[in-house]
Amino acid sequence: MPTQEEVRAVFEHMRQNPTDFSAVESPDYSDYLAGSLWRKIKRRVLERDDKTCQSCGGPGSVAHHRSYAQEVMDGNADHLLATVCEGCHALIHFTDQGAKRPSDEWEAVFLETKSQAFPEPHVDLRRNFPPHPATWDRMTAKQKQLWQTSAIALTKEARERKRAKAERRHLSESQRAAVAANLKDGQRAYRKL
Ligand SMILES: [Zn+2]
Ligand SMILES: [Zn+2]
């Protein structure tokens, strides 16, 4: 584990070089992300945002740093942290080609919202994945990313609903079996009287 001093040095470096995010890849940063302070901050931010992606409005589970200033790291500037979904987060940090996006573009991508509407994924559990909408080729990379994120979420939700329903049916079947067994026991006991 790095000392508190070393961690501070990394963050101080980031603070003084706001366009140089290379320090984010240092082992100290991973330690920070694994630490209890960050866990606390992250939970606070996700709760504040009601686990909603602040970029697209979908379900979000990632706390994204809009700044690496010391006060943010210390948990004293939560307004510079935002809940985002995995899809938007990938898009903030990586280009469509999978290359790392320069840090001075992150904020612009974060702020680019889903104002341009796109068709809702049509979930059909007999298929593996909702078919792409007819407008797919005309959709932007961000729209495609958002569509895919919501398609995954909706499919998961539908599967979950189906599973819960099957479980309820299973339960009532076993309950019926139990009632039938009790009845048989009762009849047997009655016959002995
Ligand atoms: Zn999102
Ligand atoms: Zn991020």
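Arg48 is partly exposed, with 16 C-beta neighbours inside 10 Å; here a residue is termed buried if 20 or more other C-beta atoms lie within 10 Å of its own, exposed if 12 or fewer, and partly exposed in between, the C-beta atoms being placed from the backbone. The model is predicted: local features need pLDDT of at least 70 and side-chain atom pairs count only at pLDDT 80 or more, whereas totals for chains, interfaces and linings use all residues. Residues are numbered from 1 along each chain as its sequence is written, while chains are lettered from A and ligands numbered from 1 in the order in which they are written.

Arg48 belongs to helix H3; helices (H or I, at least four residues) and strands (E, at least two) are DSSP runs numbered from the N terminus. A C-alpha separation of 9.3 Å was computed between Arg48 and Ala82, which are 34 residues apart along the chain.

The loop between helix H3 (36-48) and strand E1 (62-65) contains Asp50, and Lys51 is found in the loop between H3 and E1 as well. Most residues other than glycine have a negative phi. Phi of Asp50, however, is positive, near 55°, and that of Lys51 is positive, near 50°. Asp50 is exposed, with 9 other C-beta atoms within 10 Å, whereas Lys51 is partly exposed, with 13 such neighbours.
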